[in-house]
Amino acid sequence: MLKTDVLIQGYPGRAICHGGLGWSTTTLLRGEGSNILVDVGAFGVRHLLRQQLRDLQVEPADVTDVVLTHAHYDHAVNFTLFPNAVIWIGGRELAWAAAQPAGFNPLPELYVRELDVSPRVRRVADGQEFLPGFTAIAAPGHTPGHLLFYVTATEKPVLFTGDAAKNRAELLSGMVNDTYDAQASRASLDLIWQWWRREPDTLLVPGHDVCMRLDAAGQPVYVAERKAAMNAWFGETLEPAVIDLCCAGQTARYSA
Ligand SMILES: [Zn+2]
C-alpha cells in the first residue's frame with residue numbers, strides 16, 4: 001500500500017501582465033521500497049520541493065520513479081534532480097514534443113531533447129500498467145500525448161489528471177483553457193469523469209488546483225484548504241508586503 005503526499009499543491013491562476021505562473025501539483029507516493037513522484041514542477045519550486053522531501057526523509061537519490069503527465073516545463077523539468085529514478089512519460093507525448101521546433105509555448109525544448117535520448121526514460125502507452133497499480137490512460141487535448149494515471153496501489157484510488165483537467169472550473173464547466181485540440185479536451189474531460197465516478201472516495205489530483213473528492217451528490221469537494229501568497233518588495237527596505245492570493249486561510253500538506 002502506497003502513502004500519498006501532495007508536496008506542492010497546484011494553483012488555478014495566471015498572471016495578467018506576466019503570463020503563466022506554472023504553479024502545478026507535485027505528488028509523492030511512497031511505500032514497498034518505492035518513492036514515486038507524479039509531475040515534478042517548474043524551476044521555481046526547487047527549494048520548496050527539496051524541503052518537502054527532506055521533511056518526509058526522502059533524499060533525491062531515493063526517488064525510484066518520476067511519472068510525467070505531459071512534457072510542459074511546469075510539470076517536467078525537474079526530472080533531472082533525481083539521478084536514480086526511472087522517468088515515465090507517454091510515448092506519443094515524447095514523440096510529439098521532440099518533433100516540435102523551439103517556440104513561444106510551454107515546451108522546454110532542451111529538456112525534451114534530453115528526455116528523448118536518456119536511457120532512464122521509459123515510454124508509456126495508453127492502457128499500460130507501467131508500475132504495479134499504476135495505469136496510464138490517454139487524455140489528449142491539452143497536449144497530443146497527455147496521460148492520466150489511475151492508481152490503485154493506494155488505500156483509495158487516486159486519479160492524476162495533470163492538465164487534462166487543470167482545475168475545478170474545467171471539471172464543472174466541461175470547457176478548458178490552453179488546449180491543442182478543444183474537441184479532444186472535451187472528450188478527455190468526459191473520460192476523467194468516468195474514471196472519477198468508478199469508485200467512491202477516489203481522490204482526483206488536478207494539475208493546477210487543490211485535490212478533490214466527490215460528495216454524496218456527486219459534486220467535487222476540495223480535500224484541503226487553498227494556500228497561496230506572495231512576498232513583494234514595493235518599499236525602500238527588505239520588509240516585504242504579503243499578498244494573499246486566495247482570500248482564505250492557511251492549510252497543511254494533504255496526506256493520506
Ligand atoms: Zn501543461
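**Figure 1. Packing of helix H3.** The buried residues of H3 (91–98) pack against S7, H4 and strand S8 (121–124). They are Gly91, Glu93, Leu94, Trp96 and Ala97. Buried denotes under 20% relative accessible area, exposed over 50% and partly exposed in between (1.4 Å probe, protein chains only); packing rests on contact, that is, heavy atoms within 4.5 Å. Helices (H or I, at least four residues) and strands (E, at least two) are DSSP runs, numbered from the N terminus. The model is predicted: local features need pLDDT of at least 70, side-chain atom pairs count only at pLDDT 80 or more, and totals for chains, interfaces and linings use all residues. Residues are numbered from 1 along each chain as its sequence is written, and side-chain values use heavy atoms, with hydrogens and water left out.

**Figure 2. The largest nonpolar core.** Among its 27 residues, Val66 and Phe82 touch the most other members. H3 supplies the largest share, three residues. A nonpolar core is a set of buried Ala, Val, Leu, Ile, Met, Phe, Trp, Tyr and Cys residues joined through side-chain atoms within 4.5 Å.

**Figure 3. The zinc site.** His70 (NE2), His72 (ND1), His142 (NE2) and Asp163 (OD) are the protein donors, 2.1 to 2.3 Å from the zinc ion. Donors are N, O and S atoms within 2.8 Å of the metal (3.2 Å for Na, K and Ca); water is not among the atoms, so sites may look incomplete. His142 and Asp163 are both buried.
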